[in-house]
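Dear colleague,

I am handing over the structure we spoke about, with the sequence alongside it.

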Amino acid sequence: MAASTVRHVLITGHPGVGKTTLVKKVCDSLQEAGVPIQGFYTEEVRTGGRRSGFDIVTLTGQRGILSRICSDEPPHHSGREYRVGQYTVNLMSFEQTALPAIKPTGRGVLVIDEIGKMELFSQTFIQSVKSLLRNPESTILATIPVAKGKPIPFVEELRSRSDIKLFMVQLFPFACWPFCFFDW
């Protein structure tokens with residue numbers, strides 16, 4: 001059996017270590033080099049100096065809600081409520097924002113920050129990522145949560161793929177990150 005070629009890059013690390021910052025810096029470097037990119041990143045939302053949730057932001061600037069701190073009020077809809085810790089996931093907003101951003105439009109790098117518990121409530125998102133991984137024209141740069149506690153089956157499946165290179169981000173100077181990890 002022939003050895004598989006690495007086509008995708010996964011970045012992992014503990015919360016707050018700078019995975020999203022690294023992804024943004026790599027995107028800047030790729031754009032400067034003329035490499036087409038598309039996709040999304042996750043951005044923390046703060047209210048009164050405290051984290052109140054997360055938004056999905058596409059690389060074209062479109063923004064949608066990923067999650068917000070749960071309220072004690074009943075949901076305003078009749079559908080299922082998805083929760084991770086203190087956060088309620090807005091699955092409809094996530095899918096409306098994220099899925100079009102990762103629909104391939106040609107060669108380039110697809111950015112997915114993050115493939116984690118909140119995002120994986122969407123079966124459509126899982127199927128889209130699987131399709132991208134099967135597509136020989138796709139190159140993915142994505143973040144995943146660090147392995148701890150109960151494994152997330154889809155994330156573990158990604159970790160085990162032979163066409164993926166996994167990088168663990170540790171705290172060190174941001175200025176060198178795009179150059180320490182990638183040679184596009």
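Predicted model: local features only at pLDDT ≥ 70, side-chain atom pairs only at ≥ 80, totals over all residues.

Of its 184 residues, 43% count as buried, while the chain exposes about 10,400 Å², of which carbon and sulfur atoms supply 53%. Among contacts between residues at least 6 apart in sequence, 63% join residues at least 24 apart.

I then turned to helix α3, which runs over residues 123-134. Its twelve residues, at 1.5 Å a residue, should span 16 Å, and the C-alpha atoms at its ends are 17 Å apart, which agrees with that expectation. Which residues of α3 are buried? They are Phe125, Ile126, Val129, Leu132 and Leu133, and because they cover an arc of only 125° around the axis, they lie on the same side of α3. An α-helix has 3.6 residues a turn, so residues three or four places apart point the same way. On the other side of α3, Gln123 and Arg134 are exposed.

The aromatic rings were the next thing I examined, and the count comes to five aromatic pairs. One of them joins Phe40 and Phe94 in an edge-to-face arrangement, at 6.0 Å centre to centre and with 85° between the planes. This pair links distant parts of the chain, since Phe40 belongs to strand β2 (residues 37-47) and Phe94 to helix α2 (residues 91-101), 54 residues apart. Both Phe40 and Phe94 are buried.

A further pair is formed by Tyr82 and Phe121, whose ring centres are 4.9 Å apart and whose planes stand at 45°, so the pair is tilted. Here too distant parts of the chain are linked, with Tyr82 in strand β5 (residues 82-84) and Phe121 in the loop between β7 (109-112) and α3, 39 residues apart. Are these two residues buried or partly exposed? Tyr82 counts as buried because its relative accessibility is 16%, under the 20% cut-off, whereas Phe121, at 24%, counts as partly exposed.

Returning to α3, its buried residue Phe125 is also part of a cluster in which ring pairs link Phe40, Phe94 and Phe125. Finally, Lys165 lies over the face of Phe167, at 5.6 Å from the ring centre.

Methods:
Residues numbered from 1 in each chain as written. Heavy atoms only, no water. Helix = DSSP H or I, 4+ residues; strand = E, 2+ residues; numbered from the N terminus. Expected span 1.5 Å × (residues − 1). Buried < 20%, exposed > 50% of the residue type's maximum accessible area, 1.4 Å probe, protein only. Arc of directions from axis to C-beta. Contact = heavy atoms within 4.5 Å. Areas by Shrake-Rupley, 256 points an atom, 1.4 Å probe, with all protein chains shown as cover. Phe/Tyr/Trp six-rings, centres within 6.5 Å; stacked < 30°, edge-to-face > 60°. Lys NZ or Arg CZ within 6 Å of the ring centre and 35° of its normal.
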